[in-house]
Amino acid sequence: MRTTGRQLKAGGIFVAIGAFFLATALLTLDIGSTLRMGAGFMPVLLSCLLIALGIGVVLERAGEDEVEARPIPWRGLAFITLAPLLFALTVKGLGLAPALLGLIATSSLASRMMSLTQVLIVTAVLLAISLLVFSYVLGLPYPLFALSAG
Amino acid sequence: MDVFSNLMLGLATAATLENLSYCLIGTVLGTAVGVLPGLGPSTTIALLLPFTFALGPTPSLIMLAGIYYGAQYGGSTTAILLNLPGEPSSAVTALDGYQMAKQGRAGHALAVAALGSFFAGTVATFVIVLFAPVMTSLALEFGPAEYFSLIVLGLIFSVALAHGSVVRALAMVVLGLVLSLVGNDVTSGEARFTFGRLELAEGINFVTLSVGFFGVAEILRNLETEGAEGTATKIIGRLLPSWPDLRRCVGPVLRGTALGSVLGILPGGGALLSSFASYSLEKKLSKTPGEFGKGAIEGVAGPEAANNAGAQTSFIPMLTLGLPANAVMAMMVGAMVIQGIVPGPNVATEQPALFWGLIVSMWIGNLMLLVLNLPLVGLWARMMTIPYTWLFPAILTFSAIGIYSLNGNVFDLYALCLSGVLGYVLLRLGCEPAPFLLGFVLGPMLEEHMRRALLLSFGHPSVFVTRPISAGLLILALLALLAVALPAIARKRSKVFAE
């Protein structure tokens, strides 16, 4: 029997999340009895099950699908997570239009395949469409521009 | 209840101008995302969930349903012309469809796929009409113990019939169940796992999780294979197949429809399993199995009929029991909850217009798809050439704005990033998001029924095995689990999915 790194990582995630919920439930919640299930009853039951299954994932016979290891798109990962964060930080302070500009421009940078010109075109087109759709068609109640700090 | 009057009510609901237009929007969008590479129905439906708040329940469900079955049509177009299944259930269609395209018979393949799908969709709609009331009245007899066991059975079946590692899928179900516990406990009002954040008091937002796992995580997965797009076959050729060709398809379409209608009802079944099953069945029945994989028209007709029938009938457990069979149905349940409707057998009795309107709209939608697809196939084919690089900034923009518009709260955006990264990490480790979402949606129901069953039995957990129906359901679940654990069946199962 061999255990692959993927199994170990996947199982580890399940065990860690399970243990975290189990500990929190035991410390903060009332478990109760089967007659009167407390708020902690299901959490304890399910997190134990999750830990058990996490161990099961590690011990399972490795399947044939354990082959491909495509490189992690680090650049994509960075920009794709950064874009919504940037949007979150700017939408209240600067308004919808600048926040959208940042969101779209940042996310277009995630691709290795796009040249700077393409990034600019995609950003311009998408910004125009989004403003039209969200502000005028759907009428979302957010100001396009704001100058308040925070 | 009278089938005819129900259908009339459904027709009256579905045929209003508003509902017709949302049906059209849904089917057009569905075809488009089926055609577009890297954008499937689950991603699209997740993206649109936040925007359905403003619509009423009936139009939003009609539109979301249209996206789902519309994508079955669109997915086959890319499978045939590009050898790239627009979404998983069309993977089988690519086997013979693309070969036909290379031989210059793309038009025939497309026409057979569309006609087969339409036929199957029509039949499956009637299956729903006949079966849904039976299931509803059955479900109304269920007590909490039976319901608890039914949910367990549903979750286990969805794992057993999905592809990939069973243990991982089970762990994903339980992870979904665990995360659904976050928020104030309904009974005691105690705050669970909120860590003092008010934003978590009502639980982790279902929409945020869906968009994170099916939107953001999918983008990241697609960026892995960036630049590896195929080239489209330009020549579509004559659309209308010849008589002998059509006659060859009658059997496969009929069998595919029957197979899809049955498998679609099973949890975890739906479109994907149906198309795989139909392909292996046709190959077995064929007098010339050697032709399969080299452009056999039966290999397109059967699976295409089956996946559309399966897509339709997978609505049955969702509509009648409140049990979603796959990720898309889980999102439909989520959409209902957003609209304040409690999914389950009561939907048919308390919201008959919604219930029957949705069913009738599916048939109308299939008719629209037939009209949309055959004459406009050239237009759809051109959409395929839109590179993914242009699409994903739009997907991310939609995700972020949609999530922000839920509560006008930036906390949800942080949660979006977090669930996107978690979803991607799990995907990379071979853990599919669909079982997770099923667990998350069914978690509260599971706890509620368990609590009630135990209360009624004065705290005896034996209630789940002493009540005959509940025991039967649990035994079925156990059998399904044993079946996939046995090595012989496990090997056969992986073979079916490998084909």
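**Salt bridges, cavities and a nonpolar patch**

B:Arg197 has a relative accessible area of 41% and is partly exposed (buried is under 20%, exposed over 50% and partly exposed in between, with a 1.4 Å probe and protein chains only). The structure is a predicted model, in which local features need pLDDT of at least 70 and side-chain atom pairs pLDDT 80 or more, while totals for chains, interfaces and linings use all residues. Residues are numbered from 1 along each chain as its sequence is written, chains are lettered from A and ligands numbered from 1 in the order in which they are written, and side-chain values use heavy atoms, without hydrogens or water.

B:Arg197 forms a salt bridge with B:Glu199, with 3.1 Å between the closest N and O atoms (a salt bridge is a side-chain nitrogen of Lys or Arg within 4 Å of a carboxyl oxygen of Asp or Glu). B:Glu199 is likewise partly exposed, at 29% relative accessibility. Over all chains, the search of the whole structure returns 14 salt bridges.

A second salt bridge pairs the side chains of B:Asp245 and B:Arg105, at 3.9 Å from N to O. This pair links distant parts of chain B, 140 residues apart: B:Asp245 lies in helix α10 (residues 243-265), and B:Arg105 in the loop between α5 (91-102) and α6 (106-140) (helices are DSSP runs of H or I with at least four residues, numbered from the N terminus). B:Asp245 is buried, with a relative accessible area of 10%, whereas B:Arg105 is partly exposed at 23%. Both residues belong to a network of salt bridges that also includes B:Arg248, B:Glu291 and B:Glu298.

In a further salt bridge, the side chains of B:Arg467 and B:Glu146 meet at 2.8 Å from N to O. B:Arg467 is partly exposed, at 38% relative accessibility, and B:Glu146 is buried, with a relative accessible area of 4%.

Helix α7 of chain B also contains B:Val159. With a relative accessibility of 1%, B:Val159 counts as buried. The C-alpha atoms of B:Val159 and B:Leu200 are separated by 29 Å, and the two residues are 41 residues apart along the chain.

The structure holds 2 cavities of 30 Å³ or more (a cavity is a set of points on a 1 Å grid over the protein atoms alone where a 1.4 Å probe fits but cannot get out, and lining residues have an atom within 4 Å of a point). The largest cavity has a volume of about 70 Å³, a volume being the space filled by probe spheres set on the points. Its lining consists of B:Tyr73, B:Ser76, B:Thr77, B:Leu110, B:Ala113, B:Ala114, B:Asn373, B:Leu374 and B:Val377. Helices α4 (57-82), α6 and α16 (352-383) of chain B each contribute at least two residues to this lining. By class, the lining of the largest cavity comprises 6 nonpolar, 3 polar and no charged residues (nonpolar covers Ala, Val, Leu, Ile, Met, Phe, Trp, Tyr, Cys and Pro; charged covers Asp, Glu, Lys and Arg; the others are polar).

A:Val125 lies in helix α5 of chain A and is partly exposed, with a relative accessible area of 43%.

Key
1 Å grid on protein atoms, 1.4 Å probe; cavity = no way out; pocket = protein on both sides within 12 Å on 5 of 7 lines; lining within 4 Å.
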